[in-house]
Structures are given as structure tokens and as C-alpha cells.
Amino acid sequence: MGNKQTIFTPEQLDAYQDCTFFTRKEILRLFYRYRDLAPQLVPLDYSDKPDVMLPYELISSMPELKDNPFRQRIAEVFSEDGEGNMTLDDFLDMFSVLSEMAPRDLKAYYAFKIYDFNNDDYICKSDLEKTVNKLTRHELTPEEVSLVCEKVIEEADLDNDGKLSLEDFQHMILRAPDFLR
Amino acid sequence: MSYHYNEAFENPDYHNSETLESGRRKASQMNSMFRQNPYDSSPYDSYTDHDGREQRQSYSVDIPMATMQPGLEVSQSAKRWGTPNANPYGNTHINHSFEYEPEFTYTPPSTLSTVDGPFARRSSDASEEEKIIRNLASMTTRERIKAIQKMPKTMKEKREIRNKVLMEKTRKSVSYSTEIHCCTQCMYKIALSYRRFRNGLSELFQSLQLWQKTLKIIGGKFGTSVLSYFVFLTWLLTFNIFSFLVNFSFVTIPQFIAAGSNNLSFTGLELLTGAGYFQQTVLYYGFYTNSTITKIENSTSYDMQLAYIFTIGIYFVICFFSLVYSMAKSFRNNFVNPQTYSGNAGKLLCIWDFNITNEKAVRLKQKNLSTQIKEALSEGKSEDLNLSLKQRMVHIAIHLAAWIFSLGTTAVCCTCVYYLSINNLKLFMKGDGTELENQAATLVLPIVVSLLNLLTPFVFSLLELLEKFQYPRNQIYVTITRNVILKMSIIGILCYYWLNIVATSATECWETLVGQDIYRLVVVDFLFCLLGSFFGEFIRRIIGTKCLKNLGVPEFDIARNVLGLIYVQTLTWIGIFFSPLLPAIQIIFFFIIFYVKKVSLMMNCQPPRKVWRASQMTTLFIFLLFFPSFTGVLSVVAITIWRLNPSEKCGPFRGLSSIFDAVSRWIDVLTNYPRSAWVVWIYHNLIESVHFFFILTVIIIIITYLYWQIIEGRKIMVRLLHEQIINEGKDKMFLLEKLRALQASTRDTPARKGASQQFSTTSSLYQPPGQLDQQRHLSMPNYLERPLEKNKSSFSAKPPYTADFPETSGFLPGDPQRQQPSTKPGVSEALALAMRARQQAEREMEDEDEEDFRS
């Protein structure tokens, strides 16, 4: 079984396969992607679990993230230290969730975390304002932004607490079939 | 969840409300419709909803993802202060299923001791994890992997869990069967290698998927809306590959064996006209033999007639079911929304297309989004501005005129096609002039049809400018409707011409003639498609960037392109009977179209500016492919098979009065063989019998009616649940206010203080969104009651904990009226509060009823 590669032990590969939505080949491909970001930092032998972490600057330079207005949030949400610096595990995790095999609810969960800028488990108005600004590149006036945010909260907030909980968010996502297709 | 609160389940309301039922397991088996309930927002549950029901039952509610919630860390640290038993809620996450739970001692210390380092903090709640692990260990391998993949945890935690599960599994198997240790190990190895083999297979299949990478690139550059066109194209392509394989293997290959030599010359123009040399090939109906084919003497023979009719019949049946299936699936996923949001929230939080990776596309998208939001805001402001009667009349008049104009254009096109086709037939029958002239004359009809198909949509899009729709979505739907009417009526006229005029004319082999017509239509349409993307996109871009700068780069018109595909696919389906190898030609064309469109898109186009709800549009396209297109084709083929006389001198059905006679003759033959009596019985009692179809129709109507009623009931249910959620939100706000007031007034009483602190910690424990609905509904009063008790006895020594009360209590209180009154001390206060909350909420409800449930 795959004797050509010595980066991971077969057990490690099995574990990765069980924990992500990827096949063996894709995991290896992603590993090379990860390594290409910093060939001098990442060893070619992962069987002894080296403790390597790539800084956020490198991660965000990937073409997949480079132009995404939410790149910093994405990196923060998926990195273990919460600052966007990623281990290989975090890296694989991120791509696994963003891959098309991942179920929508998992994506919704992480999307919620991404939009939750202040990490308080609620999307409140300030989070929404940040989202709007990122989505529109600061082209709206502050009044317009706050109007939009109020409307969104009014619409999606089911329990009237003035902010969106994960339940509210998922409920909304269920009605928006275009979400993350 | 635990059984302490079981008394609440006695209440019939809880049994009626589908989302709140305690036995989710049962519910999932009862009816799969429940899975779609939008209120069932518990993440454990919905994570499992995706990949089918089989995996759902066993672990749906048992994976506490709460371990990774920040909120829980607070609770864990709080928990560590007390003894494990002191916290009455320590176990609440865990046993959601009402299963027997073995005690802690069941798990060996080894698994616990392996945990150290950064993971230790989280594993302070080791009991919880143990239980997940045990649950996971009881699943099959496949289910387990899926469950682990879907956990929203970091890789480290997932791997930890996985390793523990595997250890647990091997340990179990070892302890149960020490004597056959070797055997189990062997089995384990076999299972492992089987799994690796299967993973390898799935990798292989993935690499076989067509154009995966190209589709990714397109999605990244242009977003999902343009991608939907290409996905549709590949879908049609696979459809055609399938039909080609079926036709080729069951009809064409046997014909090759029996075929005679072809002595017609090949000039090259035939590729365009489909006539001449091709007349004597397997491409057309007329070439197929009507005899039975036997290569080896005395072996079973191959009846060409039956092969032809059954292959095509079964192909259509398969097509029918796969279309219905994909249509229903798409409808279920994209349209089953009891109430849709007007779009603001969805627009904001769901609109970002994470597929897009191209910088320009990102800029463009951001810009479009901001204009959209601005428009929506201004729309909201000017909504009150009502149009006067006169203005409204003008609007209606314009719409009416546009409709009359478009229908008139369609009618003119149809008459034009009709007379041209009749003229075409006359020309063909006369047969004077040179061979080349004749062949060129046959091309007039397809060129005119394709021109009409290409140009009239542009006229229709000019109408759009006049009409000025309020909502862009209406405009898209109207345009699509007009185009569909045009294309389908042109095809309808052509079918009328083929079935009523060509079939009754005195031609030698009318089926081949029809096949040739369709071939020409398909080929010319393909050429026009290429020309269209050259002129419509390439030249347009040159003009837009070089000459008229304000025109800009053209957009990729998804609707027009998809409708073109539907039109061609309809032609192909009609043509399958007359020219069995048409799918092969279509495969080649689709391949070329894919690449041409891709290149043209990449070079010339920009992403569409309009809001394009890709998933709903895809549903609409599949529906269009089914309804006018496929059903129309079915009726055409049915008329051909049952009503029309096949030509006398060619084709597999020569000499029969109708094509279906082949089947009845075969049945007559079969009556002589007692072994195949069941076939005869089925034929006489089911296929030929009117009663059977009558009963079948009645049954289907009854079932449809039942389902319709069920859906209506569900709608009411959803509305009630929505009301309930809002009520409970109000309950919560009210309770919070009261508690805050209480807290303020009794701040100096230490016991009270302890109570509210404990309350806040427990509430923070319940804060993680990974909550079950029922948990909220059922256990709330106990929160109130237990901490009070605890605080009296053992919790006075609790360390100071400064959780900010209003922010952290994000739970919803239970529905107090449904709680059975408890006799424990301390309840009465909470209950009274809850009762008051309910009363106030109801009062408010009456006032706000109108606004809240408009939908």
C-alpha cells in the first residue's frame, strides 16, 4: 500500500482519511501544497509528528485564500492557536471543511464561527457590520450598514434576543439553498 | 439528556410537536420527512442528516460537540472546583439516547492516562468523551468514519477520539474472544485491507469524473451561477453517453453482424446533411434489418424487432425515472421552504461564494453586492410609494403588448417553419436538379430554424428593456417562459410535420427521412452555437473593449445557453427512435461545446451581474427538461409506435401495420410456450388492460392527495412551532429581567448571591449552541430549582465566579405551563415567574400577532 511515499506512516494516513473528507491522494497533494508554502520549514518526513506551524502570512498567500475578504477569519477559526498560524492538521481540517464533500451543516457551523468576529458565540450587530464591510469593500455609508444589519437581525433572529445564535443561523441557512454550494 | 424529566413527555403536546420528541431515534424511523424540519436545528442531529438515513439512527444525538465550545471551557473550569457528583448537570450532554449506561469503571484507566499535554484541559470532562467513544465504537466502520468526519472539532481531537474508538474496539474484541485472538486479528487485517482497497477505488472513480478540475476553475472565476450551466452540460453529456452505450450495444452491434456492404459513395457533404452515404449505415432506422440474427446454427437467435423496440422503450423508462428522481431531489433541496425570507439576511450571510478565488471576480462581486444592498435599501424606502391607477394601467398595457408581440413572433416563426418544411418535402419528392443542389436545399430548413432560435431571443431581450420589471427575478422567469414557448412550438410544428405529413407521404422510407432531418437540425444548431459564441461573445468583446467602451465586456447569458441545451437534447430524444446513434453525435458535440464555451467564457466574458439563484435555477432547468421537453418526446415516440404505419420497404418493422404489432406477435408466439406464460399474463392483464391503468391512476391520485394533506398539516405545525419559539424568546427576556431585578434586590443576601452565581455558571454551560431543543424545553425549571437547593447545602464554598450574567445566559427557558408541578422546595418561585412570563408573552402575542406571522 503506497510504499512510494514515506511522509506519513500508513496509520497516520488512515487517521487522516478517517478524520477528513479526503482520499489518500488528496491528503498527499494537500501536504505538498502545505510544504510548498515553506519548504525550508516543513520536513518531508511526518512520521514522527514534528511540531511545525506556518505563520498566517504564508497561509493567507495561498491562491484559495488570497482574495477572500474573510481570509483572516478563516485562518483564525481553523488554527488551533486562534491567530491564523496553522499546523498541518489545521490545514487539512480547513480544506476538509471547505471541500465540497463536507455536509452543509458542518459548513454552516464554521461559517457561523467565521462571521462571529468577536468569538462570543453570537453574531451580534458589530459582527454583522464587519461582515457587510468586508462584503462590500466599505462602499456603503455607516448608516446604510447599520440599517442593513438591523434588517438582517430582525429577519433572522427567532428568539428576539437581538443577536443571532447558531440556531438562528442554521435555521436561516436551511432556507437559503444557495449557501456554500 | 436524562430521564429525570420524563414526566414532561406525558404531556400530549410534546408528542405532537415533532421536533421536541424525546425519542429522536423513533422519529427518524417513523418518517424521513421530519429530517427536513427547519426547526430541528440541533447540530448533532442535522450533521447526520446528509448522507442518508441509515447512519442516522445510532448516533445522531450522541456526539457532544460542546467540548470545543468556548462556553464549555468555562463550565469545565467551574466543574473542576466541585466534586464530580456535586454538579447535577455534569452528565446532561451525554446520554441522549435512553440506553443503559455502564459505569465509569468500565473504561480502563489506560485510555485516560494517555491524555496529557494541551488536551488535558478538555479531557477533564473525560466521562463525556468516553461515552462518545463508546457510542462510536458500537457503530459500523463506515458510520463511524462519517461521524468522525462530521465532528466540528480540530483534527487533533478527532484523531484522539478515533484512536480511542479503535482501541476500545480492539480491546473489546480481545476481551470477548481471547481464544480466537488470532482469528480476530486476521479478520481485522482483512477488514483494514478491504477498506484501503475501497478507498483506492473511490479515488479511481473520482479521477474518472469528467472535467473536475476545469469545473473548479470555472467556479472559482465566475461563481456558482455560471458553473451551473457547465454542470448541466456535463449532466446531459453523461445522459447521452448512457443512451449511446445502450443503443450501441443492444441495437447497433447485432446489426453490424448482419449488415450488408454499403455501396454508396462518400463525398464529405454528407457530414452536414446526413444524407447520401449515411443512408445505408447504422445511423438510421431504415438500415436495420427485420430478421432474426443467428450467427451460429441452432443457437438462440436475436430478434431485431424486439431488440429495437425494447431497447428504446427501456431507455425511455430509465430516462423518465432518473429525470423524475433528480427533479424531485432538486425540488426537495431547494424549494421546500415553508416561508422564505425576503432575502436580506440570506443575501448578506449566505451570498458569499467561497468558491471564488479570482481577484477580479472578488472585486466585481463585492461591487455588485454593494449596489444590490443599496438598491434593496432604496426599494424598501420607496415601497410605500404606490403607483397611481393610470401608471398601473400603463404597466399592464406594456406587459400585455409585450406578451402579444412575443406570442405573435412565435406564431410567425412557426408558420414560417411549417411552410418551409412542406416546401422542403416537395423539393425532395421532385428530386430534379443536381445532387448538390438537392443536398443544399435540404439544409435550408435547419438553417432557418436555427436562425430563428438564435435571433428571436435577442428580440425578446429587447422587450425586457421596454417592460422594466420591478424585480429582476420576474424578468428572468418571463424571458425563460417566452423562449421556452418559442422553442417548444417550433419543435412541435416540426413534429407535426414529421408525424402527419412525412409519415403519410409516398416516400420510400419516411423514418430515415425524419432521422436525417433531425440530424441536420442537430448539426446546424451545433454550428450556430459555435458561431453564436464567436459573434455573441468574441466579437462583442472586441467591440466592447475597442470601439464602444461603455458597452463593456459581455456577460455570460446562462438562461439562453441552457435553453439551447434543452432544445438540442429534446431533438436528440426525438431522434433516438429514427436514428439510434444520434446520442453518439451529441456526445461529440457536447464535448466540443464544453471546450468552446469554456475558452470563450475565460477569454471574453465577465460574471453575470444579476442576482442569480443558482440552485433554484438548476431545479427550474431540470423541470423544463422534464416537462415540455421529455414528456413531449414521450408522446411523439408513443404516437410513432402505436399509431403510425412503419414504411413498407425498410427498417426493422417493415410489413407491420404498426410498430407495436411486433410485441403483440411476440406475445402470440409466447402463448405456445407454457414456461413463459407469466409474460403473456402480464401482457394481457397489465399492459393491455384498461382496468389496471385505471386502478393505478386512482391509487396514485389517492397517495398524492394524502401527501398533500400531510404537507398542509406540516405547514400548520411549522407555523405553530414558530409561534412557540417566539413565545419562548419572550419568556426568556421576561425571566431575565425578573431575575436581574431579583438579583439587584437581594444582592446583600449571600445565599441568594451564591444562587445566582451558580445559576450563571450552569447557564453558561448550556450556552453552547450544540444544544438539543428538548433539553432547553424540558430541563429549565430544574436549573432554577437545583442550584437553589445545592446552594443551600454544599455550594456555599464555591469560589467566586464572575460571569457576566445577562450576556452568558443564552438559554431558552422551558415552557412552564407544560411542566408538571413539582413538589420540591424552591420550585414555586421559579414556577410563578415562569407563569407570569407566559402570561405577559401571550398578551404581547395578541398585539403583535399580525406582524409576526405575516408569512
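Predicted model: local features only at pLDDT ≥ 70, side-chain atom pairs only at ≥ 80, totals over all residues.
How much of the accessible surface of chain B belongs to carbon and sulfur atoms? The accessible surface of chain B comes to about 42,300 Å², and 63% of that area belongs to carbon and sulfur atoms. Accessible areas here come from the Shrake-Rupley method with a 1.4 Å probe, and for residues only the protein chains shown count as cover.

Residues are numbered from 1 along each chain as its sequence is written, chains are lettered from A and ligands numbered from 1 in the order in which they are written, and side-chain values use heavy atoms, with hydrogens and water left out.

Let me begin with chain B. Chain B has 30 helices and two strands. Helices (H or I, at least four residues) and strands (E, at least two) are DSSP runs, numbered from the N terminus. Of its 855 residues, 50% count as buried. Buried means under 20% relative accessible area, exposed means over 50%, and partly exposed lies in between (1.4 Å probe, protein chains only). Contact means heavy atoms within 4.5 Å. Among the contacts in chain B between residues at least 6 apart in sequence, 78% join residues at least 24 apart.

Two residues illustrate such contacts. B:Ser421 belongs to helix 16 (residues 389-430) of chain B, and it counts as buried because its relative accessibility is 0%. With neighbours within four places in sequence left aside, B:Ser421 is in contact with B:Leu445 and B:Tyr497. B:Arg560, in helix 21 (residues 558-578) of chain B, is partly exposed, with a relative accessible area of 24%. Again leaving aside neighbours within four places in sequence, B:Arg560 is in contact with B:Pro457 and B:Phe458. B:Pro457 is 103 residues from B:Arg560 along the chain, yet their C-alpha atoms are separated by 7.6 Å.

Next, please look at helix 26 of chain B. The N-terminal end of helix 26 is capped by B:Ser689, which has a side-chain oxygen 3.3 Å from the backbone nitrogen of B:His691.

I turn now to the cysteines. A disulfide is a covalent bond between the sulfur atoms of two cysteines; the criterion used here is a pair of cysteine sulfur atoms within 2.5 Å. A search of the whole structure finds one disulfide over all chains. It joins B:Cys509 to B:Cys650, with an S to S distance of 1.8 Å. The link of B:Cys509 and B:Cys650 is right-handed, with 95° about the S-S bond. B:Cys509 lies in the loop between helix 19 (472-502) and helix 20 (510-547) of chain B, and B:Cys650 in the loop between helix 23 (614-642) and helix 24 (661-670), so the pair ties together parts that are 141 residues apart in sequence. Both B:Cys509 and B:Cys650 are buried.

B:Cys414 is also buried, with a relative accessible area of 9%. Its closest cysteine sulfur, in B:Cys413, is 6.7 Å away, which is too far for a bond. B:Cys495 is buried as well, at a relative accessible area of 8%.

Finally, chain A. Chain A has 10 helices and zero strands, and 62% of its 181 residues count as buried. Of the contacts in chain A with a separation of 6 or more, 52% are between residues 24 or more positions apart.

An unreviewed UniProt entry lists residues 103-138 and 144-179 of chain A under "domain: EF-hand". UniProt positions are given in the numbering used here, feature names are shortened, and annotations may be inferred rather than shown by experiment. In the model, residues 103-138 are 67% helix and 0% strand, and their end C-alpha atoms lie 32 Å apart.

Where does A:Asn119 lie, and is A:Asn119 buried or exposed? A:Asn119 is in the loop between helix 7 (104-115) and helix 8 (125-136) of chain A, and at 51% relative accessibility it counts as exposed. Although A:Asn119 is not a glycine, it has a positive phi of about 55°. A:Asp121 is also in the loop between helix 7 and helix 8, and it too has a positive phi, about 70°, without being a glycine. A:Asp121, however, counts as buried, at 11% relative accessibility.

Key. Polar contact = N/O pair within 3.5 Å; in protein donor to acceptor, adjacent residues only side chain to side chain.
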